[in-house]
Amino acid sequence: MFGGESVEVSFEADKSILDVIYDKFGEDLPVYCKPDNRVTFSAAVQLSPVFFGWCCMLGEKLRIVGPESVVKALKHHLQKINEAYPEGIL
């Protein structure tokens with residue numbers, strides 16, 4: 001996804017966004033169903049602001065599970081965005 005280090009990332013997602021996931025990673029992506037209307041999958045991604053934006057676009061319906069370094073990188077990305085706004089806006 002537009003530059004950055006390539007990393008294998010594990011995700012958990014709501015089944016309702018499977019079409020979006022398949023659009024991004026291909027229909028041959030192995031997806032594992034969980035009993036709570038969620039799925040898990042792993043995919044190689046290039047860490048970049050574009051990747052983090054894609055994750056944020058999906059809100060609470062997508063969660064990065066690991067590796068922890070990618071979770072921390074997303075949190076750092078969100079912190080930088082939050083700091084760009086004056087106190088009290090967010």
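Q: Is Phe11 buried or exposed?
A: Phe11 is buried, with a relative accessible area of 1%, where buried means under 20%, exposed over 50% and partly exposed in between, using a 1.4 Å probe and protein chains only. Bear in mind that this is a predicted model, in which local features need pLDDT of at least 70 and side-chain atom pairs count only at pLDDT 80 or more, while totals for chains, interfaces and linings use all residues. Residues are numbered from 1 along each chain as its sequence is written, and side-chain values use heavy atoms, with hydrogens and water left out.

Q: How far apart are the ring centres of Phe11 and Phe41?
A: The centres lie 4.8 Å apart and the planes are at 15°, so the pair is stacked; rings of Phe, Tyr and Trp (its six-membered ring) pair if their centres lie within 6.5 Å, with planes under 30 degrees apart counted as stacked, over 60 as edge-to-face and the rest as tilted. This pair links distant parts of the chain, since Phe11 is in strand β1 and Phe41 in strand β3, 30 residues apart; strands here are DSSP runs of E, at least two residues, and helices runs of H or I, at least four, numbered from the N terminus.

Q: Which residues form the aromatic cluster?
A: Phe11, Phe25, Phe41, Phe51, Phe52 and Trp54 form one cluster, and Phe25, at 18% relative accessibility, counts as buried.

Q: Switching to strands, what does Glu12 stand opposite in β4?
A: Glu12 stands opposite Arg63 there, while in β3 its bridge partner is Thr40.

Conventions: Two strands pair if DSSP finds at least two bridges between them.
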